[in-house]
Amino acid sequence: MRIKFSSVLLLIILLVTSCKQEKQLSEIIERIRIKYAPEKRESVYNIAYKKINSRTYQITGEVDSNIAKSNLLDTLLASGYLIIDSIEVLPFKISKPWGLITISVANLKASPSHTSELVSQAIMGTPVKILKEKNNWAFIKTPDNYLAWCEKIALSFRDDEEMQNWKESERIILKNLISFIKDPKTGQNISDIVAGSIVVKEEENSADILIEVPDGRKGIITSADYVTFSSIKDQAQPDINDIKITALKFTGIPYLWGGTSIKAADCSGFVKTVYQLHGIILARDASLQVSYGTQIPVTNGWKEFETGDLVFFSSKPKGDKITHVGMYLGRSEIIHSSGLVRINSLDSTSNNYTKYYSRNIHSVRRIIGAEKNRGIVYLKDHEWY
């Protein structure tokens, strides 16, 4: 009877010890995630574990940071765990880990399926990092650190050398809202192209430019529609009035959840696209954008706002959740994408006043002159360009 009681007690001790070990292991995994991958829209950190014996665990999954993986394994070893490392660091076994968008606007999905949610878009000439592939889809990271699935047909895959050659090529960027690339022999359209698209310049005469899109197709575009990429990339700081003029050109374009182009845009995609046309890459979503830029007081309402400021809104007065963003135009007005890109006033005496937006201002961030960081990156500072 005493032997049986001792066996049960030992089993209980082992179970309690095992539970404590696994709880501590889970806490370590989560702590490293919070440090290196706090936002799943921007970082890959999918970690699991399997118990092998009393102190040995197999750690599985995938991350997109060698630093995160090393820190996790070092912390576990320092905590007394014996580890079998089965973590893959993305990109994993990919010969061409870079890509360029080859169509005017590529739809980016939450999962590798046409029926999946549209989460964002990328326009022609956008450089992306290929993290993994599945059938006809590639899992990519865009220059704003956003993660999504893209159809392979919309990508031109590049190795490191090919990517470097592209960065050193003579590139131009479309300044018009939308245009067409025509076949030099037949005059037929070979592709549409939207504002901000980047292509390689081949030849130029007084009226036309022969260009090459990322998948190798060549065509003619009108010289007046383009500026040199370097003129956008190398500018020290854009003029805020130029940004305002660009924003106003978007007036009337339709709203599209996940949209980030002149064809259609959601609220954050609209302000992001406007700023990128002037050489500044913002974070993708409003709930991400709100963390960057110089914070402007909102206690006195719009009177302290300046043209170009991003105005963030919550779903209810004094709410915490960011649900919308617009750009301040001056004189109490914001331009934003809601149903379509339109202008509303924060002044109750104005004809285009909307009470909903006036009472639900959450915060305001100033981009021009703000500290450059992960959420505000100038093209000239981005190594992918």
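A polar contact here is a pair of N or O atoms within 3.5 Å; within protein, one must be able to donate a hydrogen and the other to accept it, and residues adjacent in sequence count only if both atoms are side-chain atoms. You are looking at a predicted model, in which local features need pLDDT of at least 70 and side-chain atom pairs count only at pLDDT 80 or more, while totals for chains, interfaces and linings use all residues. Residues are numbered from 1 along each chain as its sequence is written, and side-chain values use heavy atoms, with hydrogens and water left out.

Let's start at K109, in strand β5 (residues 105–109); strands are DSSP runs of E, at least two residues, numbered from the N terminus. A polar atom of the K109 side chain sits 3.0 Å from the backbone oxygen of H114. K109 is buried but has no salt bridge, and E151, the nearest side chain of opposite charge, is 8.1 Å away. Buried means under 20% relative accessible area with a 1.4 Å probe, protein chains only; a salt bridge puts a side-chain nitrogen of Lys or Arg within 4 Å of a carboxyl oxygen of Asp or Glu. Lys and Arg count as positive, Asp and Glu as negative, and His and the chain ends are not counted.

Now move to D192, in strand β13 (residues 189–194). Its side chain makes polar contacts with the side chains of S104, at 2.9 Å, and K263, at 2.6 Å. Beyond four places in sequence, the residues in contact with D192 (heavy atoms within 4.5 Å) also include M124 and F180.

Notes. Helices (H or I, at least four residues) and strands (E, at least two) are DSSP runs, numbered from the N terminus. Buried means under 20% relative accessible area, exposed over 50%, partly exposed in between (1.4 Å probe, protein chains only).
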